[in-house]
Amino acid sequence: MKPKSFTYLRPASVDEALQALARWREDARILAGGQSLVAMMNFRLIEAQVLIDVSDLAPLAYIRESNREIEVGASTTQAQFMRWPKLAEQAPLLSAAMPHVGHYQTRSRGTVCGSIAHSDPSSELPLCLATLGGSVVMTSSRGTRVLSCSDFQTGMLTTARLPDELITAVRFPTRKSGTGYAFAEMAQRHGDFAICAVAAMVSGNTTRLGVGGVAEKPTVREWSGLDDSGIDEALNDFAWDLGGTDDHHATAVYRRGLMRHLGRQAIEDARKCSS
Amino acid sequence: MLELKEGQRHLISMTLDGQEVRGSTEPRMLLSDFLRQELGRSEVHVGCEHGVCGACTVLLDGKPVRSCLTFAVQAAGRRVDTVRSLTDKDGKLNDLQNAFRKHHGLQCGYCTPGILLSTEAFLSENAKPSEQEVREMLSGHICRCTGYVGMVDAILETVQKRASAAVP
């Protein structure tokens, strides 16, 4: 339960971090909050030759609003994001989801970008990013590119990030007027990984639902003109299409059941907020 | 760029419970192991070593962190507080610790140092939490003895007493 030996680098600037990544590539890991990475290193599921610590990189510790988006820098912790005074007003979905992201004690170090980078299928931030249709900013010594979340997360714990790229920020669209948002989750213990989590957005006759914890990555479906009598059937079809599997936390049957139940609850809650 | 080579020991210092301390560590050493093995601070309890149980929680610059998910080198030059920081210099328990004792908020005591530290950090940010907020904060710790009810009572009583003491 101890990590394998590694060399620890603490760059003083983003450029230094990018140089280190360009040099070490696959042999390096970025250490931000470390709340998933270090646990996996303790288990030796991950063995890195070099750790590049960006947790104290001041230029990446920011939350900015621009172009109807909230941009969160790579060293911003989940606790800092949760305390951002405009969160509830600008991003009601994230405001509802954040209390479920880990625990009070892990949010003080865990970062928003780190959670996106880790891309756990049951974690809340990738689910919100997918549902809202956000994007991920990646920088390398070759330049910067912005990928939509659907292009970014490619599967379970896998992303389109190249070995020399640093996720410098993530962008969430801000609240749209006339749109209602809701979040619901079932976990064994508050703050644990979701057995099933859902994020709903309702605007006019458009209903969008994102589901985490069931498929290998957050999955989003949109319906137009979904009325009350059609919700159960639509959710049932969606639940079967996700192809959830059994594991020691829950069976696929239970997950589908949760999805139907939480999905309906979230859609109804989002509808109430949209009107 | 700071570079600490693998397999080599590096001298680091930190302010631990208000005192400057030094010790040597490899980059791979966890803060929990550094505190226990290099500095002999066995009040830092190690439970699961993968960030789930919360027993090893310490305060890093006043914020609760899992010391098993933090490398010792990351705490270099920073302030670290263990449960020792809560008692006065004669070892007298503080009000929260006394409330835990009164309400049976502990039995074997293994999870207690982490829980006390989390609670103090939490109360410094939110002086008047609801019972639900206290329970959510406690969800970051595992206690296999008490069932948490005594802890919740102890914390809520401390909240109340501190609030009434703060009234002029």
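Domain bounds here come from an automatic or database domain assignment. The model is predicted. In chain B, that assignment gives two segments: domain 1 covers 10–84, and domain 2 covers 95–166.

How far apart do the C-alpha centres of domain 1 and domain 2 of chain B lie? The separation is 22 Å. The two domains of chain B also touch. On one side, 16 residues of domain 1 take part. They are in contact with eleven residues of domain 2. Two elements of chain B each give two or more residues to the domain 1 side: β4 (57–60) and β5 (63–66). The largest share, three residues, comes from β4(B). By class, this side of domain 1 has eight nonpolar residues, five polar and three charged.

Now turn to chain A and a pair of helices. Helix α10 of chain A spans residues 231–242, and helix α11 of chain A spans residues 252–274. Their axes come within 9 Å. They cross at roughly 135°. The crossing of α10(A) and α11(A) is right-handed.

Which residues make the contact between α10(A) and α11(A)? From α10(A) come Ile231(A), Asp232(A), Leu235(A), Asn236(A), Ala239(A) and Trp240(A). They meet Arg256(A), Met259(A), Arg260(A), Gly263(A), Arg264(A) and Ile267(A) in α11(A). By class, the contact of the two helices has six nonpolar, two polar and four charged residues.

Definitions and conventions. Residues numbered from 1 in each chain as written. Chains lettered and ligands numbered in written order. Predicted model: local features only at pLDDT ≥ 70, side-chain atom pairs only at ≥ 80, totals over all residues. Contact = placed C-beta atoms within 7 Å. Helix = DSSP H or I, 4+ residues; strand = E, 2+ residues; numbered from the N terminus. Nonpolar A, V, L, I, M, F, W, Y, C, P; charged D, E, K, R; others polar. Axes fitted to C-alpha atoms, helices over the stretch in contact; angles between N-to-C directions. Left-handed = near helix turned anticlockwise from the far one by under 90°.
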